[in-house]
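Hi,

Here is the structure I promised to pass on. Have a look at it first, and then read on for what turned up.

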Amino acid sequence: MAEPNGARPGPPPDWWTAVAEVHRTRERLAVLGTSPAPHPGPPVVALVHGLEGGWAGWQPLAGELAGRCRTYALDLPWRAGNRYRWRHHGTPAHWLREALALVPEPVDILIGHSFGANAVLEHLADRDGAPQPRAAVLLAPFFRPESLRVDWPLHDAALAGFRQIIADGVRVGLGRRAQDLDPEVLAAMADTTVERIGPVGFLTLFLQFTGTTELDLGAVTVPTLVLAGHGDASLSEDRAAALAAAMPAATVRRRPGYTHFCHAEQPGDVGADITGFLDDLTALPVATSLATTLLTTKE
């Protein structure tokens, strides 16, 4: 769902600079990254932030992947503070493809978080001929099994979960400063954020969640790693099992220590999971271009 947004992001890390920016139907799309490297080189990774998120939330994980991958952070219309007009002009997968077209070199791996993870999932399931990555990683996505009825109790439970994740995002975004704040102040900050997002923002997320059961995930052939925490309601045990059954190309792992914002709070563990997944791809009997690229960077 949402990403940390309680603090104003600082300057990008040394390995990221603004490399592209365009406007489509009054919506801004941007890419932060580095100058393209000669090929073959490290695999190229595009990072897809969640609802009310941004590139800053990726810095911890990008630091873990530095030296192993070349990372580009996409700045998408559902960034923090947006007015949700973008939803009238295209699906999340549409906007993701628009942003990917701005990356100055072919993308090997897509990594998405929460709402961004589901945008990646929609992109993988869309059989419109758009270029696909060689691999994908979905962090804390959400999935609705067909057996889970869409009714008012589900809506109310999703809204409660949305409010909790917004509160967690505010806390994570504040970093160490959150420890010095009164819990009531933190709660008030979260309430203010929820009010700003409003019902349109929540319903954008809710409709994406309920629509996951309609995706043709059985047709996806891109090797995909799905990571979520045991306590993250976005992908509970039964939903994770249903996603694994619906998507044979996916490896679904739930970790006891992972939070919804695992890419920011447990970046070392998440980075190890991702690099282990990529190492496993190099061991496939038939080498893909991704495997060949990865083999050139192994120590």
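Predicted model: local features only at pLDDT ≥ 70, side-chain atom pairs only at ≥ 80, totals over all residues.

Arg28, Asp75 and Arg79 are joined in a network of salt bridges (a salt bridge being a side-chain nitrogen of Lys or Arg within 4 Å of a carboxyl oxygen of Asp or Glu).

Residues are numbered from 1 along each chain as its sequence is written, and side-chain values use heavy atoms, with hydrogens and water left out.

Back to the charges. Side chains of opposite charge can pair when their charged atoms come close. The salt-bridge count here comes to 9. One of them pairs Asp279 with Arg68, with the closest N and O atoms 2.7 Å apart. This pair links distant parts of the chain, 211 residues apart: Asp279 is in helix H8 (residues 267-282), while Arg68 lies in the loop between helix H1 (59-65) and strand E4 (70-75). (Helices, H or I with at least four residues, and strands, E with at least two, are DSSP runs numbered from the N terminus.) Arg68 is buried at 15%, whereas Asp279 is partly exposed at 26%.

Asp126 and Arg97 form another salt bridge, at 3.2 Å from N to O. They also connect distant parts of the chain, 29 residues apart, with Asp126 in the loop between H3 and strand E6 (135-139) and Arg97 in helix H2 (residues 92-100). Asp126 counts as partly exposed, with 27% relative accessibility.

Next, take a look at Ser114. You'll find Ser114 in the loop between strand E5 (109-113) and helix H3 (115-125), and it is buried at 0% relative accessibility. Its side chain makes a polar contact of 3.1 Å with the side chain of His260 (a polar contact is a pair of N or O atoms within 3.5 Å; within protein, one must be able to donate a hydrogen and the other to accept it, and residues adjacent in sequence count only if both atoms are side-chain atoms).

Last, the cysteines. How many disulfides does the structure hold? It holds 0, a disulfide being a pair of cysteine sulfur atoms within 2.5 Å. Cys69 is buried at 8%, and Cys262 is buried at 1%.

Cheers

Note on methods:
Buried < 20%, exposed > 50% of the residue type's maximum accessible area, 1.4 Å probe, protein only.
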